[in-house]
Structure formats: C-alpha cells, structure tokens
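Biologist: I'm new to this one. Can you put it up and walk me through it?

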Amino acid sequence: MADAAAGSERPEDDVKRKFREALERKRSKQAETNARQTGKGAGKVHGAHGPAQSRRSFRRKSGG
C-alpha cells in the first residue's frame with residue numbers, strides 16, 4: 001500500500017516538491033555567497049547615498 005501511495009503523487013504534491021527543491025537550491029546558493037563575503041564591506045549595496053558631507057541642505061526663506 002505504501003508503494004501505491006508513493007507512486008501516485010497528486011499534481012499539487014509534485015508542484016510543492018518542485019518548489020521546495022528550487023527553494024533549497026536558492027538557499028544553498030545564497031549561503032555559499034554569504035560565506036565568501038566577510039568583513040566590513042560584505043553588504044550588497046555599496047555607497048548608495050554618497051558621503052554625508054556632500055548632501056545638500058534646503059532652507060526655507062523666512063519673511064518675504
């Protein structure tokens with residue numbers, strides 16, 4: 001009886017299995033990438049906003 005149940009998967013179970021396998025591949029790939037990146041600059045985004053000194057300040061005029 002166990003052989004019959006394993007051989008006749010429903011289509012939903014097959015889709016779920018494929019998604020789980022794909023997710024597992026994705027997670028292992030990300031784990032490899034994160035393991036290689038260590039240290040101070042290990043983030044994905046580098047210098048997104050530029051240095052703080054060059055930021056412009058906007059002041060509202062007072063009076064008229």
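Biologist: Is E21 buried, partly exposed or exposed?
Modeller: E21 is partly exposed, at a relative accessible area of 37%. Buried means under 20% relative accessible area, exposed over 50%, and partly exposed in between, with a 1.4 Å probe and protein chains only. This is a predicted model, where local features need pLDDT of at least 70, side-chain atom pairs count only at pLDDT 80 or more, and totals for chains, interfaces and linings use all residues. Residues are numbered from 1 along each chain as its sequence is written, and side-chain values use heavy atoms, leaving out hydrogens and water.

Biologist: Which residue does E21 form a salt bridge with, at 3.1 Å?
Modeller: That is R17, going by the closest N and O atoms. A salt bridge here is a side-chain nitrogen of Lys or Arg within 4 Å of a carboxyl oxygen of Asp or Glu. R17 is partly exposed too, at 34% relative accessibility.

Biologist: Where do E21 and R17 lie?
Modeller: Both lie in helix α2, residues 11-36. They are four residues apart, about one turn of the helix. Helices are DSSP runs of H or I, at least four residues, and strands are runs of E, at least two, numbered from the N terminus.

Biologist: Which residues are linked in a network with them?
Modeller: Salt bridges link D14, R17, K18 and E21.

Biologist: What about R10?
Modeller: R10 forms a salt bridge with E12, at 3.6 Å. R10 also meets D13, at 3.7 Å from N to O. D13 is partly exposed, at 32%.

Biologist: How many helices and strands does the protein have?
Modeller: Two helices and zero strands. Buried residues make up 0% of the 64 residues.
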